[in-house]
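Please examine the following structure together with this report.

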Amino acid sequence: MTNQWTNREILRSYFMGMIDLQIEYIDKYPDSDNQYRRDNEPFIREIKRVLDEFSLKLTPELKDMYKLKYRENRAFGEFYNIVAPTIYIVALNNELNAIVSKIERPRARLYNE
């Protein structure tokens with residue numbers, strides 16, 4: 001298993017609630033210690049912190065839009081001028097991608113299962 005995370009995988013994991021589940025698991029089993037966890041725990045917590053800050057400025061409609069986008073693979077075009085003006089959604093997406101791109105990923109490596 002590798003630990004390569006693309007921007008899309010990060011966003012999908014966050015908006016599907018997988019990051020919350022991973023943090024819940026990490027917190028539930030603090031004594032579990034392996035190389036994968038040491039490499040990825042700070043990264044997962046950083047995703048949560050950064051994207052929670054971004055989500056705070058979103059309206060409930062915009063949050064729902066992102067959830068539908070990443071849970072059901074809906075196109076952003078379905079939301080243009082319905083949830084918010086097209087230019088606003090495009091600007092938010094650009095900002096979101098820039099934020100996610102700045103998150104430092106763990107070094108790619110192979111892990112034994």
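Asn73 counts as exposed, because its relative accessibility is 52% and the class begins over 50%, with buried meaning under 20% and partly exposed lying in between (1.4 Å probe, protein chains only). The model is a predicted one, in which local features need pLDDT of at least 70, side-chain atom pairs count only at pLDDT 80 or more, and totals for chains, interfaces and linings use all residues. Residues are numbered from 1 along each chain as its sequence is written, and side-chain values use heavy atoms, with hydrogens and water left out.

Asn73 is placed in the loop between H4 and helix H5 (86–102); helices are DSSP runs (H or I, at least four residues), numbered from the N terminus. Most residues other than glycine have a negative phi. Asn73, although not a glycine, has a positive phi of about 60 degrees. Asn81 belongs to the loop between H4 and H5 as well, and its phi is also positive, near 60 degrees. With a relative accessibility of 59%, Asn81 counts as exposed.

**Aromatic rings**

A pair of aromatic rings is described by the distance of the centres and the angle of the planes. Rings of Phe, Tyr and Trp (its six-membered ring) pair if their centres lie within 6.5 Å; planes under 30 degrees apart are stacked, over 60 edge-to-face, and the rest tilted. By this rule there are seven aromatic pairs. Two of them involve Phe15 and are set out below.

| Pair | Centre to centre | Angle between planes | Class |
|---|---|---|---|
| Phe15 and Tyr66 | 5.2 Å | 15 degrees | stacked |
| Phe15 and Tyr70 | 5.7 Å | 10 degrees | stacked |

What does the pair of Phe15 and Tyr66 tie together? Phe15 lies in helix H1 (residues 7–15) and Tyr66 in helix H4 (residues 60–72), so the pair joins parts that are 51 residues apart in sequence. Since Tyr70 also lies in helix H4, its pair with Phe15 ties together parts that are 55 residues apart in sequence. Phe15 is buried, with a relative accessible area of 5%, and Tyr66 is buried at 0%. Tyr70 is buried too. Ring pairs link Phe15, Tyr66 and Tyr70 with Tyr14, Phe54 and Phe76 into a cluster.

Ser13 is a residue of helix H1 and is buried, at 15% relative accessibility. Not counting residues up to four places away in sequence, Ser13 touches Trp5, Met18 and Ile19, where contact means heavy atoms within 4.5 Å.

Arg45 lies in helix H3 and is partly exposed, with a relative accessible area of 30%. Leaving aside neighbours within four places in sequence, Arg45 is in contact with Ile23, Ile26 and Asp27. The C-alpha atoms of Arg45 and Ile19 are 8.2 Å apart, although 26 residues separate the two along the chain.

**The largest pocket**

On a 1 Å grid over the protein atoms alone, a pocket is an open set of points where a 1.4 Å probe fits, with protein on both sides within 12 Å along at least five of seven lines; lining residues have an atom within 4 Å of a point. The largest pocket holds about 230 Å³ of space, the volume being the space filled by probe spheres set on the points. Its lining includes Gln22, Tyr25, Arg37 and Glu41. Helix H2 (18–28) and helix H3 (35–56) each supply at least two lining residues, and H3 gives the most, with five.
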